[in-house]
Amino acid sequence: MLNNFRAVSLSHRKAPLDIRELIALDEGSCRQFLQTLKNFIQATDILVLSTCNRTEVYYTSDSDFSQEIVKLLGISKGMENISQYLDYFTIINEHADAVQHLFNVAMGLEAQVVGDMQISNQVKQAYQWSVDSEAAGPFLHRLLHTIFFTNKRVVQETSFRDGAASTSYAALELVESLVADIANPKILVVGLGEIGADVCRHLQDSDYTNVKISNRTKAKAQLLADECGLQVLPFEDLVEGMKEADVIISSVARDEPFFTHDMVSRLNVLTYKFFIDLSVPRSVEPEVEQIPGVLVYNIDTIQNKASEALERRLAAVPQVKQIISESIAGFEDWTKEMNVSPTIQKLKNALETIRQEEMARYMKKLSAEEAKHMDEVTKSMMQKIIKLPVLQLKAACKRGEAETLIDVLTDLFDLEKQSAEAQH
């Protein structure tokens, strides 16, 4: 039976930022970890999802491999004793709960900023990695495409994705509150990760006119600057740009903090300077906040602001949950039908064997034209004979009674023997 989908989750629900950043995986690490899981655990339909808020593994297996997955995750991150963090993980071994969890995550119900639009693209990306690694089977293909269709319904039928209440927009709202008393504030965006790039697009629509972006790869910065109408600060001039900036938004992707206490202390801060760190792992060293006049906000401190867009989203949550329930019901019907498809195939094979044997008895006595007609007639008969058992099986699936009918058909047509003979 296909009721063995599972999940291992580490998210902002239980794990603070300093734990999540230890275990976060970038794209290359996700792809590599997928291969590791394929090689070391007996599982199919493997999906690895890692964002600033969560690192999760979904898989299909008859066995619970959660302990092994956590250990392999520790090994891939070079951690000697990841078991000390086990309490931060959530293990989901009930098939229905794991399916429900992935739907909730993909729709943005589990996001820090409810309805965050980025998560949908991140799930699509994770699915693509599974496809590329040949880690996705029919179950995962169907599940993810059902999720993508559900997402379209949510966008079209609800106000859950209206407005811009995403993590990047929450960062912009934080900027607005920090610089409310500063005339023509100077804003510097360093590093152009996904959230950082989204912040730039929001800044494009704001009233701020003194915004610069800087990236180690100048061409990438120039491309985004052209798109958003912003200025590029050459990376070699970053220190001077930091001295001038009132707000520094960091979306730098690296394992170690980029902005260190030593670097920032040399800026000789005379007035308040605000660092907004959107990176996981963190790109601003926590000790930076010990410098007089410097305040640091990380991804966990960017809270859901009571914006009109967010209120509309929260009001739409019951409608979203109803759409998800409808999608899951349809998906589970398909899953149940998948459980009976081997029996249907065995029945078709058994009847086809009988047809072929009977055809062979008379073929020598028939002309080519007669043989053709006989073939067509017997095929039509077989299709009509099998139609009712197939419909009954599918109906039994929806009632949860398929196993009894499978046993009856298996005994009636001796399907196990027929299947064994077909293999030899």
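Predicted model: local features only at pLDDT ≥ 70, side-chain atom pairs only at ≥ 80, totals over all residues.
**Entry 1: the largest pocket**

I started with empty space. Rolling a probe the size of a water molecule over the atoms shows where such space is left. The largest pocket holds about 990 Å³. I then looked up its lining, which is made of 34 residues, and noted those closest to the centre: Asp26, Gly193, Glu194, Ala253 and Val280. Which elements supply at least two residues each to the lining? I found α2 (27-40), β2 (44-50), α5 (118-132) and α8 (194-204). The largest share belongs to α5, with four residues.

**Entry 2: salt bridges**

I turned to charges next. Side chains of opposite charge can pair when their charged atoms come close. I counted 17 salt bridges in the structure and looked up some of them.

Is glutamate 110 buried or exposed? I noted it as buried, because its relative accessible area is 17% and the cut-off for buried is under 20%.

Glutamate 27 and arginine 31 form another salt bridge, with 3.2 Å between the closest N and O atoms. Both are in helix α2, four residues apart, so about one helical turn separates them. I have glutamate 27 down as partly exposed at 39% relative accessibility, and arginine 31 as partly exposed at 29%.

I also looked for linked salt bridges. One network joins Glu352, Arg355, Asp375 and Lys379.

**Entry 3: helix α6**

I checked the length of helix α6, which covers residues 138-157. At 1.5 Å a residue, its 20 residues should span 28 Å, and the end C-alpha atoms are 28 Å apart, so the two values agree.

Then I listed its buried residues. Among them are Phe139, Leu140, Leu143, Leu144, Ile147, Phe148 and Val154. The list also includes Thr146, Thr150, Asn151 and Arg153.

Arginine 153 also has a salt bridge, made with the side chain of glutamate 157 at 2.8 Å, N to O. The two are four residues apart in α6, so about one helical turn lies between them. I compared their cover: arginine 153 is buried, with a relative accessible area of 18%, whereas glutamate 157 is partly exposed, with 40%.

**Entry 4: surface residues**

I looked for a nonpolar patch on the surface. Which residues form it? Val377, Met381 and Ile385 do, and together they have about 270 Å² of accessible area. I placed methionine 381 in helix α13, which runs over residues 368-399. Methionine 381 has a relative accessible area of 46%, so I noted it as partly exposed.

Last I looked up aspartate 207. Where is it found? Aspartate 207 is in the loop between α8 and β6 (211-214). At 75% relative accessibility it counts as exposed, because the cut-off for exposed is over 50%. I also took its distance to asparagine 184: the two lie 23 residues apart in sequence and 9.3 Å apart in space, C-alpha to C-alpha.

Conventions: Residues numbered from 1 in each chain as written. Heavy atoms only, no water. Patch = residues over 30% accessible without salt bridge, like charges linked within 9 Å, V, L, I, M, F, W, Y side chains within 5 Å. Areas by Shrake-Rupley, 256 points an atom, 1.4 Å probe, with all protein chains shown as cover. Salt bridge = Lys/Arg side-chain N within 4 Å of Asp/Glu carboxyl O. Buried < 20%, exposed > 50% of the residue type's maximum accessible area, 1.4 Å probe, protein only. Expected span 1.5 Å × (residues − 1). 1 Å grid on protein atoms, 1.4 Å probe; cavity = no way out; pocket = protein on both sides within 12 Å on 5 of 7 lines; lining within 4 Å. Points joined across faces, edges and corners; volume = space filled by probe spheres on them.
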